[in-house]
Amino acid sequence: MMTPIVELKDVVLEVEGKRYLDGVSCAFRQGETVVIGGAPGCGKSFFPRLLLGMPGLQEADRLRVWGDVLIEGISVFSMGREALLRQRREMGMVMANGGLVDNMDVERNVSLPLAYHGNNGGDLNIESRCAEVLDAVGIPERQRKGIRPVSLNREERVRVAIGRALVTNPRIFMVDDALVGLDQVATYQLVSILCGAQTEDADLRLFTASRLAPFLWKADHFFLLVEGKLIYLGGSEEVVEHAHPWVKKDREGIKLPI
Amino acid sequence: MTAWIVRFFSSIGLRCTSALTRAWAFFVFTVEVAIALGQFLGRQGFVASFRVSMQQVYFTGLEAMPFLSLLSLLIGFTVIVQSLPQLQGVGAHALIGQILVISIVRELGPLITAMVVITRSGTAMAAQMATNRITGEVEALEGMGISIFHYLVVPRLLGCVISLFCMIIYFDAIALIGGFLVASTRLTMPFSLYVDYIFQSLSTLDLYLSLTKGVLFGVGIALFSCYHGLRARRAAFEVPMVARSGVIQSMFFVFVSSALISALFYWI
């Protein structure tokens, strides 16, 4: 059997004494699109962060992790700083708040990963790749040069953040609950982009979301994080008929915390 | 009574432990910056980081020039205005060069320039770093595989050092011109004689001393500002707190190291 692209082995995660993940084990395989749902604050955002090796972590965060996170069989926790930075270059993540650099305009924000890492000797033109990605995420040309993220609305910032994550053609593409607070039309449009042609070559698409409904028929596997435990819900067909109260409420479009 | 003594000593112990922990964290940060500095040229992302360095030079050095010009002119003017009556009293006009070199080139030039950089750029650096941390930019950069030491800290450190180095030379030159304006009006001293007095008093060691202080202050200001800025965690109210810590420690570092270097100079 093929090695999973990503595997979590009995992961326990605590922040300041509060347990967010409690013995979580799962494996995601080549070409899968996975959605992890859960109420806001349940700890689902730790999944993409664990895969990235917890970027931006400070000692003062008092975070403790047990278990192991493997990417293609290699433990993220055993990687040195440089190896981890190399690993992260092959991943693209859209953060919940966008994480855009405020003193750069839209174009420079999107081109930043390519401008920093270069093309690895390839003949890719950074400007044309940026234009291609920004076209794909629906940012018009007039909003690219000289427009900083603070001048954009929430939906536009999310689109730019998606563009920045896509610009390097990541092997593992992750979105951390970035669609929360957007209207229904924008949400469905963005889900189509996230699961569309721009990411079809990715080895894994991992989305965490406060709502599962927009991802139905777009993703392969759905999980639910409840009180630190990861529950496998199945594919779209199973989610549509699932009896879990949170899933039922989600289907009805009512957001209720567990 | 025993409980009070225990509380007293445990509070001293806690303060010492906390100070040592902070000092160790700063040491680790400095080592990380030194490693990133060593790899700065050869590492991928050099062009992007170099651009940040140049922006820092522009902000710290070039944008401060008008203010620094006025300040240095006034300092040169004031030093001569204060010392000239004393020199005239004993007929020692020739000492004007020595006074300017000792007070401005060796001491005031580096110190006042460092103060300008701390108040303008040190606070800005610390606040920007803290904001980057709070808004998730640091996390996003690291998530993209960008080393924050290579992309955020080292370029600022280099920008700060280059700026301070150039600013000190500029400050000294303008302050000496300020001194000449007074000397020429009060003593009708010709420019050639004034320059002669200056160059007779100015040794290579004076320049080394002044510029060494510049480099050291640049490193210290950038390190303390970035370290405290990156200490911020989640809330906006932390921004002024870390900026204040950065400024206080930078000032402390500048004054103590300036005194030590000057003492070492006279001891040699």
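This is a predicted model: local features need pLDDT of at least 70, side-chain atom pairs count only at pLDDT 80 or more; totals for chains, interfaces and linings use all residues.
**View 1. Four strands of chain A form an open antiparallel sheet.**
The strand order is S2-S1-S4-S5. Strand S2 (18-28) and strand S5 (74-75) of chain A stand at the edges. Each has a single partner strand, so one side of each lacks a neighbour in the sheet. Strand S1 (residues 6-15) of chain A pairs with S2(A) over 8 bridges, in the antiparallel sense. S1(A) is also joined to strand S4 (residues 63-71) of chain A by 8 bridges, and these two strands run antiparallel as well. S4(A) and S5(A) run antiparallel and are joined by 2 bridges.

**View 2**
Start with S1(A) and S2(A). A:Glu14 stands opposite A:Arg19 in S2(A). A:Val11 stands opposite A:Val24 in S2(A). The hairpin of these two strands has 2 residues between the strands, and A:Glu16 takes a positive phi near 45 degrees there. Move on to S4(A), where A:Leu70 is the bridge partner of A:Glu7. In S5(A), A:Ser75 is the bridge partner of A:Leu70. The hairpin of S4(A) and S5(A) has 2 residues between the strands. In that hairpin, A:Glu72 takes a positive phi near 50 degrees.

**View 3. Six strands of chain A form an open sheet with mixed pairing.**
The order here is S6-S7-S8-S3-S9-S10. Strand S6 (91-94) and strand S10 (229-234) of chain A stand at the edges. Each pairs with a single strand, so one side of each is left without a neighbour in the sheet. From one strand to the next, the twist averages 20 degrees. Strand S7 (residues 172-176) and strand S8 (residues 204-209) of chain A pair in the parallel sense, over 5 bridges. A:Asp176 has A:Thr208 in S8(A) as its bridge partner.

**View 4. Helix H5 (residues 154-166) of chain A lies across S6 and S7 of chain A.**
H5(A) runs at about 175 degrees to S6(A). At 1.5 Å a residue, its 13 residues should span 18 Å. The end C-alpha atoms of H5(A) are 18 Å apart, which agrees. H5(A) is mostly covered, with 11 of its 13 residues buried. Among the buried residues are A:Arg157, A:Arg159 and A:Arg164, along with A:Val158, A:Val160 and A:Ile162. The elements that cover the buried residues of H5(A) include S6, S7, H3, helix H4 (126-137) and helix H6 (184-194) of chain A.

**View 5. Chain B has 9 helices and 0 strands.**
Its elements run α-α-α-α-α-α-α-α-α from the N terminus on. The C-alpha atoms of chain B fill a box of roughly 65 × 60 × 35 Å along the principal axes. Of its 268 residues, 41% count as buried. Take the contacts in chain B between residues at least 6 apart in sequence: 88% of them join residues at least 24 apart.

**View 6. Helix H1 (residues 2-38) of chain B is hardly covered.**
The count of buried residues among the 37 residues of H1(B) is 2. At 1.5 Å a residue, H1(B) should span 54 Å. Its end C-alpha atoms are 54 Å apart, which agrees with that value.

**View 7. Chain A and chain B are in contact.**
The contact involves 20 residues of chain A and 17 residues of chain B. Helix H2 (81-89) and helix H3 (106-117) of chain A each supply at least two residues of the chain A side. That side divides into 10 nonpolar, 6 polar and 4 charged residues.

**View 8. The largest nonpolar core has 136 residues.**
A:Leu51 and B:Leu157 have the most contacts inside this core. Helix H6 (residues 148-186) of chain B gives the largest share, 21 residues. Leaving aside residues up to four places away in sequence, B:Leu157 touches B:Val33, B:Val219, B:Ala222 and B:Leu223. In soluble globular proteins, nonpolar side chains tend to be buried together.

Terms used
Residues are numbered from 1 along each chain as its sequence is written. Chains are lettered from A and ligands numbered from 1 in the order in which they are written. Two strands pair if DSSP finds at least two bridges between them. Axes are lines fitted to C-alpha atoms, for helices over the stretch in contact, and angles run from 0 to 180 degrees between N-to-C directions. Two residues are in contact if their C-beta atoms, placed from the backbone, lie within 7 Å. A residue is buried if 20 or more other C-beta atoms lie within 10 Å of its own, exposed if 12 or fewer, and partly exposed in between; C-beta atoms are placed from the backbone. Ala, Val, Leu, Ile, Met, Phe, Trp, Tyr, Cys and Pro count as nonpolar, Asp, Glu, Lys and Arg as charged, and the others, Gly among them, as polar. The expected span of a helix is 1.5 Å times one less than its number of residues. A nonpolar core is a set of buried Ala, Val, Leu, Ile, Met, Phe, Trp, Tyr and Cys residues joined through C-beta atoms within 7 Å.
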